[in-house]
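This report describes one chain of a complex, starting with its contacts and ending with the confidence of the model.

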Amino acid sequence: ECGRIKVSAPIVRLGDPITASCIINQSCSHLGPEAQILWKLGAELQPGGRQQRLADGTQESTITLPHLNHSQALLSCCLRWGNSLQILDQAELQAGYPPATPHNLSCAMNLTTSSLICQWEPGPDTHLPTNFTLKSFKSRRGCQTQEDPITNCVPENGQSRCSIPRKHLQLYQNMSIWVQVENALGTSVSPQLCLVPMDVVKLEPPTLWALDPKTEVVPLQPGCLRLRWEPWKPGLYIEQKCELRHQPQLGETSWALVGPLPSRTLQHELCGLLPSTAYALQMRCTRWPLPGLWSNWSPSLELTTAQR
Amino acid sequence: ECGRIKVSAPIVRLGDPITASCIINQSCSHLGPEAQILWKLGAELQPGGRQQRLADGTQESTITLPHLNHSQALLSCCLRWGNSLQILDQAELQAGYPPATPHNLSCAMNLTTSSLICQWEPGPDTHLPTNFTLKSFKSRRGCQTQEDPITNCVPENGQSRCSIPRKHLQLYQNMSIWVQVENALGTSVSPQLCLVPMDVVKLEPPTLWALDPKTEVVPLQPGCLRLRWEPWKPGLYIEQKCELRHQPQLGETSWALVGPLPSRTLQHELCGLLPSTAYALQMRCTRWPLPGLWSNWSPSLELTTAQR
Amino acid sequence: TPLGSASSLPQSFLLKCLEQVRKIQADGAALQERLCATHKLCHPQELMLLGHSLGIPQPLLSSCSSQALQLTGCLSQLHSGLLLYQGLLQALAGISPELAPTLDMLQLDVTDFATNIWQQMEDLGVAPAVQPTHGPMPTFASAFQRRAGGVLVASNLQRFLELAYRGLRYLAEP
């Protein structure tokens, strides 16, 4: 080999110094005794190389770059040869930050995919290849004791969310969950979450329907409207309570909330509203009395109240 | 085991007869000596079962269905038990056709994917799970001698095309290609194609541009128009010839052909056309003088000829 | 958490059990629907003879009936019954590619429920020292027998769950 670079560390913190040495051995033909070793960072020559001849006749140059400010840079060890600068070896330098602690870790049990989906804030970019892993274990009382570990969940290409499949879950048992982050400069872990998957079940919203006026036996009172709703099918086995919100379609008006309501009704009459006015109605449900997360609000159902 | 069906063949040609036997052994508790074995095809009782008591005390019924006209059917061996009909065993019968010979096998070398894409007509539906495989081998002179075989190309879910990747190809050597089709009732092979991948290269059409009238030094003659074109980039290394076709935008008119033309020109003047008339122009190219396939016609370029 | 009425069972435990029973009933119904749609095996009554010859065991739930409601006995029978169904569902593995996901879900939910019951028995100090196992299972020798077995096991499981549900409701009544 003609020339060989060695670096103090291929990856350093952004702005930290980095030291490199380059050894040119005699076999690197046609070299005069005083061949001068030159350093380039990217395309720029770097002054400050300290060169010495070693006992075995090889030449060694050492350089310290005080602050490596590029997340990626190429350090070249070169020799002047005739009027050209010959590159003998190159080292890829990387600089970045150790992983920050991920925060805002939250999870929801998704009944469509039967998986526990967790997401988190990754923190600032480290400029380095960084691996996130969602780790968890099953536990009995309040996650104090670790029982059987659960297979690590590795997010898909750089996403800050991961989905633990049903076969790794016990839906009604405590489990401890946290995010571990790793890169060449360090490791960090998020605070641990202790939860029971079913207690963070997030349902899909119910479906709202207007009632067919033709089939109305009792005429609607002014300022009233009738609707019915049905819970989301996959959540049928879950006892739930729901909330309704309504808003007249008149410029800037806020929502009025009605609840708690049962998760299913064949007919519900809402009164006390402005007569012959178009209203937007939305509904959401949550597991109840057992704990759960509120579903999103359903799409709006537009109904017009009876005239005076 | 209570009852066991055996069939002459689980898969037969559509309309062919099929024979089945069902043996009920004595351990099938609570059975009177003369338990009557009944057959059902799907939900329909099938008369014609011939029942006999075997030496070892077991009962056997044999039935022949003269014509199996369903591509899939469930044959059930049943016993009358109290006032219910008990199913003791079921056999999944399948009927269909042996594979027809695939025809119209054609291939084109695609430079975008660097793969040889072959397609064929599969022939009539066999009603049976049928596997198509594109087989090929490299060869020297006119595919008489088989040299190294090429990995089989298995089409994606039921498609009648397959793509042989670059790493399995020698672009300038003869190769023999054919389609093999297989199902439970037989195998068939298509006629063999003998080709050199590059000799069936299919380029993408060139790109046509109008010339910027402002930069025109020499004014256009009436009934003339100017354009330029460039070949498709990935095909730049291939010597080509091209053809231009044009058609006035006047109701039902046919294309007029101009060629051969070079694959690139900075300026081409086309004359002898109707003056101040809008024309649609399209172009295609092919590898030339070496063999190749014509590209598709390019999208139309609309130009209007100079006035009188 | 507040205790169940005539029992020393926490209310939330009973509510979770009722929810799990409903979930397993839904899973079981899904399996029955698919067996009927995919393999035209829709009526357990036409597979009784085969069921006898296969020897499909059915667990007792006598301690959960309203007439003889006995908390520890009911939990213990419920747990053993669930272990038995866990074993039966495992024996049905390879039932058919179309049904495998439905069968897996049912098995996971039954296993979860059995674990909950066992842990509650441990919390109450009524759990035997060694967790029981489900004993020998029938062998389903052919694809047809696994499907027919699936129809029979699913139908027996629905009846078992109905009894369990009533027992748990008695225990949950204030």
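In this predicted model, residues 24 or more positions apart account for 80% of the contacts in chain C that have a separation of 6 or more. Buried residues make up 55% of the 174 residues in chain C.

What does the secondary structure of chain C come to? Chain C has five helices and zero strands. Read from the N terminus on, its elements run α-α-α-α-α. The radius of gyration of chain C is close to the value that the globule rule gives for 174 residues, so chain C is as compact as a globular protein of that length.

| Property of chain C | Value |
|---|---|
| Radius of gyration | 16 Å |
| Globule rule for 174 residues | 16 Å |
| Box filled by the C-alpha atoms, along the principal axes | roughly 50 × 30 × 30 Å |
| Distance between the mean positions of positive and negative charges | 6 Å |

How confident is the predictor? The mean pLDDT of chain C is 91, and 95% of its residues reach 70 or more. Over residues 1-6 of chain C, however, pLDDT stays under 50. For these residues the model has 18 contacts beyond four places in sequence. Where pLDDT is low, predicted coordinates should not be read in detail. For the complex, the predictor gives an ipTM of 0.81 and a pTM of 0.85.

Methods: Residues numbered from 1 in each chain as written. Chains lettered and ligands numbered in written order. Predicted model: local features only at pLDDT ≥ 70, side-chain atom pairs only at ≥ 80, totals over all residues. Heavy atoms only, no water. Helix = DSSP H or I, 4+ residues; strand = E, 2+ residues; numbered from the N terminus. Rg over C-alpha atoms; globule rule 2.2 N^0.38 Å. Buried < 20%, exposed > 50% of the residue type's maximum accessible area, 1.4 Å probe, protein only. Contact = heavy atoms within 4.5 Å. Lys, Arg positive; Asp, Glu negative; His and termini not counted. Charge placed at Lys NZ, Arg CZ, Asp CG, Glu CD. pLDDT = per-residue confidence, 0-100.
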